[in-house]
Amino acid sequence: MAIFVDEKSKVLIQGITGREGIARTRLMKDYGTNVLAGVTPGRGGQDVYGVPVYDAVEEAVENVGPIDASVIFVPAAAVKNAALEALAAGVKLLVIVPDRVPIYDVLDIAAAAKDAGARFVGPNTLGLLSPGKAVLGMIGGRAERAREWFQPGPVGVSSRSGGMTSAVAYYLSRAGLGLSTIVHVGGDSIVGSSHPEVMELFERDPETKAVAMFGEIGTTQEERVADLIEHKKFTKPLVAFIGGKAAKSGTRFSHAGAIVDGNRGSYESKVRRLREVGVHVVEAVADIPGRVAGLLAGKK
Amino acid sequence: MARLYEYQSKILLREGGLPVPEGAVASSPAEARAIAERLGRPVVLKIQVWVTGRAGLGGIQFADTPAEAETKAAALLGMKVKNYVVERVLVEEKLAIEAEYFAGIVMDDEAKAPLLVFSSVGGTGIEEIARRRPDRVVRRLIDVRTGLRGFEALNVVRKSGISGPALVPLSDLLTKLAAIARNADARSVEINPLVRTVDGRILAADCHLVVDDYAVYRHPELGIEIAREFDRPPTELERIAYKVEEKDHRGTFYFLQMADQSEPDDLLIGFHGAGGGGSMMSMDAVLARGFKIADYCDTSGNPPASKVYRAAKVILSQPGLKGYFSSGSGVASQEQYNSARGLVKAFAEERLAIPAVLRLGGNCEEEAIRILSAYLQDLPARVEGYGRDDPPEKCAARLAELIAENRGAVHEIRPMEEPRLPDCAYTFATLTGRLSIDHSRCLHCASKGCLEACGWKILEADAEGLPVLAIPEAEAKKGKCTECLACEIFCRFHEQQAIHIELPIPGLKEYRDRLRREMK
């Protein structure tokens with residue numbers, strides 16, 4: 001098992017004929033992802049690395065059958081339409097790779113996804129990868145790297161930073177600890193699947209025995225993970241690192257934000273809340289594999 | 001975050017049908033006087049700068065007559081407040097206030113929806129007031145599918161303890177505020193105080209609105225120069241860098257100058273990160289080594305080589321650098337040879353004389369490091385490439401050693417190199433630049449290795465064996481030429497230096513020329 005995606009998931013790529021679309025189609029295909037179709041309006045009839053291209057998601061579904069997940073590579077300004085199109089065609093998981101998607105577009109996508117009973121990862125995400133099964137997005141860059149860097153096993157990874165998703169996963173693999181699924185939740189302040197939502201999926205995944213989380217200052221994601229643990233909704237061993245300790249805290253102009261969040265979002269608040277509920281917060285990323293190994297050994 | 005000034009925010013409120021005090025913005029004492037004359041009553045003058053607590057800084061003044069308004073404006077304009085110089089004052093009717101409220105809309109990252117916050121007490125110290133009187137503060141998520149509906153707004157105001165004649169106008173105002181926030185793509189908006197005057201009017205006495213950076217392109221009318229958060233006006237170099245980013249959306253390029261002043265003994269370095277998380281981690285490592293960082297720069301999201309090149313040129317436009325440090329997460333998914341080629345072109349043009357440690361770990365790192373070591377051996381200073389198994393701490397330590405070996409030599413700002421190919425050269429436009437090939441030199445080329453080097457095989461040999469485009473020129477300009485720089489680098493180091501890719505950075509030539517004049 002894995003979360004979000006496995007080797008059987010039927011995958012569509014929107015924006016498949018663009019620069020990123022072409023490059024990442026190759027990665028996903030080579031890695032073994034079950035890519036059935038691609039969409040670029042006006043480019044129907046072409047193919048990219050053997051993947052047939054259609055003009056619309058609906059047309060793709062008519063030709064290849066129901067789709068489980070769509071990976072979106074269209075320009076930021078076109079993301080909302082592409083996402084709504086996929087949701088309307090019954091796709092239940094979207095991976096929205098582009099950066100710079102306007103917030104209100106993300107809110108509209110979130111509302112539509114909720115209505116459709118669907119999930120989305122991103123925007124501004126490298127995607128996710130279940131070792132040996134499938135990759136959605138661009139983690140690893142090339143299939144042979146992804147195979148070399150990420151070994152299958154019992155550790156889940158959830159990260160706010162794309163590069164650090166790969167780095168944490170690579171250091172765990174190098175230490176002999178394999179991975180169930182690694183997820184870059186996305187770098188934006190509003191994302192479809194934030195840390196707590198990913199933790200709930202890891203909780204239900206029998207293969208995942210422990211989780212490593214790369215957090216960052218800003219948003220309430222890490223504090224909400226602590227809330228989940230407090231309410232016994234996440235019970236697996238968790239090792240966390242919070243980035244941004246040295247970052248100069250920005251001038252806070254929003255009183256409304258302060259009224260709503262209080263001190264949530266700061267480095268201190270995140271570390272304190274996570275430690276309160278028993279999470280192992282480490283001071284250096286390099287300490288993550290050792291801690292995870294210790295927890296897994298203790299578990300047995 | 002693209003913050004708007006109070007006067008700009010109030011224009012948006014007025015356009016959205018939300019009542020604001022009468023007045024206008026002035027950038028000279030004479031204008032202030034004219035506005036006061038037109039209003040024909042006592043006025044308030046408010047400095048337009050991005051700081052809080054303006055009253056306490058003397059930035060809010062009252063005037064009973066137009067002449068007094070002119071005098072007060074003269075004193076306020078040009079005043080230095082924190083990092084800003086006052087360029088405008090807002091001149092408005094002076095209000096007789098009876099009650100103060102608070103209204104704001106922020107983003108709720110848990111609910112993934114806008115959140116309305118309304119308080120029936122407002123004014124200075126609203127956070128403290130809200131803590132003391134939680135019963136007066138009402139929050140409500142806004143459904144983006146419907147907007148804030150009238151009855152929902154009414155219930156918000158009612159639950160804050162308000163009844164009577166203010167109830168309906170306040171509810172109406174909140175409904176309009178939600179629509180304004182949506183139309184302006186506001187990441188946050190707040191009115192504090194929202195006031196009721198003694199004559200019963202309800203007005204937004206102040207307003208802060210922050211436009212979502214990513215939606216600024218939808219709002220050319222707002223005239224936002226740099227859609228990023230600064231606690232000071234952007235520097236000239238930051239403006240130059242931002243123009244690069246604005247014109248090229250392949251990958252991201254973020255550039256922020258950090259060191260205002262450096263001493264000769266400082267270990268000042270140019271910092272070139274990749275990816276937010278990895279950059280932060282790397283910055284911690286260099287700061288722990290005692291380095292001083294001239295800038296924070298991040299090129300990530302699979303940028304083309306041309307963007308990394310421009311970033312390096314911008315970084316190397318800063319005086320006083322003793323080293324160059326590049327480091328990201330260490331396990332990047334992007335093809336690292338693009339970063340390597342961008343750095344090679346920049347460093348070769350600059351004839352870099354300060355050491356550089358480049359931690360380019362990740363996808364294709366072996367090729368990236370090979371490119372660096374193949375082409376940057378002949379520079380005056382050492383350039384070393386490292387990969388995913390070399391932690392940032394080790395790389396920072398290595399840079400310190402190299403700087404010591406280089407006796408702390410300081411980077412010299414060079415004039416921007418001009419293309420040196422003849423006018424008759426074969427040439428075509430790329431997405432952000434122009435590629436030229438001097439075919440007369442190609443006659444001496446044995447290998448035609450540029451054709452092999454071209455990443456996307458858009459070059460071919462013509463009937464005479466000279467390299468030309470294999471695709472229509474329009475396609476190359478649209479981005480089929482990815483500006484990978486491989487052909488130029490091959491030709492530069494292995495053949496006849498017949499290829500030049502001009503990648504303009506508007507303003508940088510003038511910037512460097514001025515800096516050089518000032519340093520003399």
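**Close-up views of a predicted model**

**View 1. Strands β8 and β11 of chain B pair.** In this predicted model, strand β8 (residues 97-108) of chain B runs antiparallel to β11(B), with seven bridges between them. One residue of the pairing is B:Ile105, whose bridge partner in β11(B) is B:Val189. Strand β11 spans residues 186-197 of chain B and is mostly covered. Eleven of its twelve residues are buried.

**View 2. β11(B) also pairs with β13(B).** Strand β13 covers residues 208-211 of chain B. The pairing is antiparallel and has four bridges. Here B:Val189 has B:Leu209 of β13(B) as its bridge partner.

**View 3. A hairpin joins β11(B) and β12(B).** Strand β12 (residues 202-204) of chain B pairs with β11(B) in the antiparallel sense, over three bridges. B:Leu194 stands opposite B:Ala204. Four residues lie between the two strands of the hairpin. In the turn, B:Gly200 has a positive phi of about 85°.

**View 4. Two domains of chain A meet.** The domain assignment gives domain 1 (11-121) and domain 2 (150-299). Their C-alpha centres lie 27 Å apart. Eight residues of domain 1 are in contact with six of domain 2. On the domain 1 side, α4 (103-116) and β7 (119-121) of chain A each supply at least two residues. The largest share, five residues, comes from α4(A). That side has seven nonpolar residues, no polar and one charged.

**View 5. Chain A touches chain B.** 54 residues of chain A are in contact with 56 residues of chain B. Elements of chain A that each supply at least two residues include α1 (19-31), α4 and β12 (210-216). By class, the chain A side has 26 nonpolar, 18 polar and ten charged residues.

Notes
Residues are numbered from 1 along each chain as its sequence is written. Chains are lettered from A and ligands numbered from 1 in the order in which they are written. This is a predicted model: local features need pLDDT of at least 70, side-chain atom pairs count only at pLDDT 80 or more; totals for chains, interfaces and linings use all residues. Domain bounds come from an automatic or database domain assignment. Two residues are in contact if their C-beta atoms, placed from the backbone, lie within 7 Å. Ala, Val, Leu, Ile, Met, Phe, Trp, Tyr, Cys and Pro count as nonpolar, Asp, Glu, Lys and Arg as charged, and the others, Gly among them, as polar. A residue is buried if 20 or more other C-beta atoms lie within 10 Å of its own, exposed if 12 or fewer, and partly exposed in between; C-beta atoms are placed from the backbone. Two strands pair if DSSP finds at least two bridges between them.
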